Amino acid sequence: FVEGATVRAMSDEGTDGRRIVVAEAVTGGDGWADLTGLPVYWKMFVIATTREGDRSDAVVLRVEPRQRVIVDPLAIPNPAALTIVAKLDEAFLARFPAARVVTMMIRPADPARDPEKRQANTPHADSPTRFEGLHPGRWLVGAVVSVAGTYVPLQIEDVELKAGEEQHVDATFSPNVFEGVVTSEGKGVAAKLIVEDRDRKFYFSSDANGTFRVTLQEKGVYRVAAARLVAQGDIIPVGEVAFTDPARRIEIVIPA
């Protein structure tokens, strides 16, 4: 039995859709905590957090008026640890020798555990990054890479952690950096580029010669629009552009 653990009932069924704490209590010496005044018919997540920061698995509850519910047990698994060594691909470093991994990030695949996400800076190349006290389950491993004057967030891989496990991951990856030029009537144009990926938009700019770099999470065909920097707000649809080969120079033409 865990004494002094904080037990919270949380729900996202409030008026604004944000997750809120609807009840909270601390366990006694027998491991029990009493939560009162729970909202009826709401979907709630009951989670315990020890004084050391270890978290239990979530239990989902819905209660009816005047109903009393018992959760037994609310189990707190042994925490896991993850060590990551992240390296940039040699062929990528040949194109961008100054590129480096600046931050490692992990976050739970379960959105309900989003507050558990972690990140750590990596001041030295190829140095191991260790995360401790992790809840068992599937974690998404990502990194922030400094390349070509920009900071690029990338998702690397998924890791399944078991209770009490210490896992080591060696990850070698290559960001998708595409180089190209924006032209109009055969001349380079300074422009803002808008690259659309379903419901997301990415913004990039070309310089006075029209040269640009675009970094994308995945290769593919994207819808592109452009706006000359000298004509603010005049956005011109360009159409679909293939960002499939980072070694191929891309030309985006703005009509006169």
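1. Start with Lys117 and Asp114: their side chains meet in a salt bridge, with N to O at 3.7 Å. The term here means a side-chain nitrogen of Lys or Arg within 4 Å of a carboxyl oxygen of Asp or Glu. Lys117 is partly exposed at 49% relative accessibility, and Asp114 is partly exposed too, at 30%. (Buried is under 20% relative accessible area, exposed is over 50%, and partly exposed lies in between, using a 1.4 Å probe and protein chains only.)

2. A word on what you're looking at: this is a predicted model, where local features need pLDDT of at least 70, side-chain atom pairs count only at pLDDT 80 or more, and totals for chains, interfaces and linings use all residues. Residues are numbered from 1 along each chain as its sequence is written, and side-chain values use heavy atoms, leaving out hydrogens and water.

3. Next, have a look at Arg130 and Glu132, whose side chains form a salt bridge at 2.7 Å, N to O. Arg130 comes out partly exposed at 40% relative accessibility, and Glu132 is partly exposed at 47%.

4. Arg138 pairs with Asp158 in a salt bridge, the closest N and O atoms being 2.6 Å apart. Arg138 sits in strand β9 (residues 137–147) and Asp158 in strand β10 (residues 150–161), so this pair ties together parts 20 residues apart in sequence. Strands are DSSP runs of E, at least two residues, numbered from the N terminus. Arg138 is partly exposed at 39%, and Asp158 is partly exposed at 37%.

5. Across the whole structure, the search turns up 12 salt bridges.

Conventions
Helices (H or I, at least four residues) and strands (E, at least two) are DSSP runs, numbered from the N terminus.
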